[in-house]
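Subject: Structure handover and findings

Dear colleague,

Please find the structure for your work below.

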Amino acid sequence: MLKSVEQAPAAAAPDFAAIKQKQQATWGSGNYAVVGTTLQIVGEELCEAADVNAGERVLDVAAGNGNATLAAARRYALTTSTDYVAELLEQGRRRAEAEGLKVTFKTADAEALPFADNSFDVALSTFGIMFAPNQQQAAKEISRVVRKGGRIAMANWTPDSFIGAMFKVIGRHLPPPAGLQPPALWGDEKHLQMLFPSHAVKAARKTYNFRYESPEHFVAVFRTFYGPTHKAFLALDEAGRVALEKDLLGLIGQFRRKDAVALVVPGIYLEAVITK
């Protein structure tokens, strides 16, 4: 008689609601603006790549403190800025007010955007939507709210980039929730084509240079202000914090430009313009 074979239980689906709750606390910790404002050039270049025009309806998804938001508003687009972390939107609001820019701010989840179908001509995201835990749902939503013929433009860190490697280092010390796809997959053109199967994807690898005084200065800034790194250090004991700092310094040593007087670390990202 053949013995019955026991099947291994199926892996439980990730609890996206619980994961997003933790993410909100993470990105709301520290002070993202200290790091975020240094990335402003990426938002400006993304708006040029997307050919954002005055009068167009533009949505910034997972906007953070508003780099792409401000870039679109400077081009006189009718700009709406969204994020699920209210504190980050408030930082963007203050920046817009300081420049006298007209922007609508709305707290919103990238996986459940509170807008009708075909509401926008352009949707943007700079290093934001890539952190949505349910990647397929986030892609579906950003596509849904863009009109046919409209553009979805985003900047995402690549899997082989410095930031992609930094998240792998952090993950070795503090493992991410089981079952999640790595955020840096959004920086792979083939993955974007899979997420947006009926769209035309045009992408190019670009470089953003992180510029700090020294490797120690970089770690100190990110440990204090950048949510994921800040929370990782807080979650570890003293020995763990020492080990994480050592690994981050080693990673910086691998990626840094050897010819620079101070610290310059090239960060590769994928600039993609996706036409619906």
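The largest cavity has a volume of about 270 Å³. On a 1 Å grid over the protein atoms alone, a cavity is a set of points where a 1.4 Å probe fits but cannot get out, while a pocket is an open set with protein on both sides within 12 Å along at least five of seven lines; lining residues have an atom within 4 Å of a point. Grid points are joined across faces, edges and corners, and a volume is the space filled by probe spheres set on the points.

Please note that this is a predicted model, in which local features need pLDDT of at least 70 and side-chain atom pairs count only at pLDDT 80 or more, whereas totals for chains, interfaces and linings use all residues. Residues are numbered from 1 along each chain as its sequence is written, and side-chain values use heavy atoms, with hydrogens and water left out.

By class, the lining of the largest cavity holds 15 nonpolar, six polar and four charged residues. Here Ala, Val, Leu, Ile, Met, Phe, Trp, Tyr, Cys and Pro count as nonpolar, Asp, Glu, Lys and Arg as charged, and the others, Gly among them, as polar.

In total, the structure holds two cavities of 30 Å³ or more. The second largest cavity contains about 80 Å³ of space. Its lining has 11 nonpolar, no polar and no charged residues; among them are Trp27, Phe127, Phe131, Trp157 and Phe222.

Phe127 also deserves a note on its backbone. Its phi is near 50 degrees, a positive value in a residue other than glycine. Most residues other than glycine have a negative phi. Phe127 sits in the loop between β4 (120-126) and α6 (135-144), and this residue is buried, with a relative accessible area of 8%. Buried means under 20% relative accessible area, exposed over 50%, and partly exposed in between (1.4 Å probe, protein chains only). Asp51, which is not a glycine, has a positive phi of about 55 degrees and is placed in the loop between α3 (40-49) and β1 (57-60).

Pockets

At least two lining residues come from each of α1, α7 (162-173) and α10, and α1 gives the most, with seven. The lining of the largest pocket divides into 24 nonpolar, six polar and three charged residues.

The second largest pocket has about 190 Å³ of space. The elements that give two or more residues to its lining are β2 (78-83) and β3 (103-107), and the largest share, three residues, comes from β2. This lining has six nonpolar, four polar and one charged residues.

Sheet

Seven strands form an open sheet of mixed pairing, in the order β3-β2-β1-β4-β5-β7-β6; two strands pair if DSSP finds at least two bridges between them. β3 and β6 (200-212) stand at the edges with a single partner strand each, so one side of each is left without a neighbour in the sheet. β4 pairs in the parallel sense with β1 over three bridges and with strand β5 (residues 146-157) over six bridges. Ala123 in β4 is the bridge partner of Leu59, and Ala153 in β5 is that of Leu124. In β4, seven of its seven residues are buried.

Helix packing

Helix α10 (residues 227-235) and helix α11 (residues 238-255) pack at an angle of about 145 degrees, with their axes 8 Å apart. Axes are lines fitted to C-alpha atoms, for helices over the stretch in contact, and angles run from 0 to 180 degrees between N-to-C directions. Thr229, Ala232, Phe233 and Leu234 in α10 meet Arg241, Leu244, Glu245 and Leu248 in α11, where contact means heavy atoms within 4.5 Å.

Kind regards

How values were computed: Helices (H or I, at least four residues) and strands (E, at least two) are DSSP runs, numbered from the N terminus.
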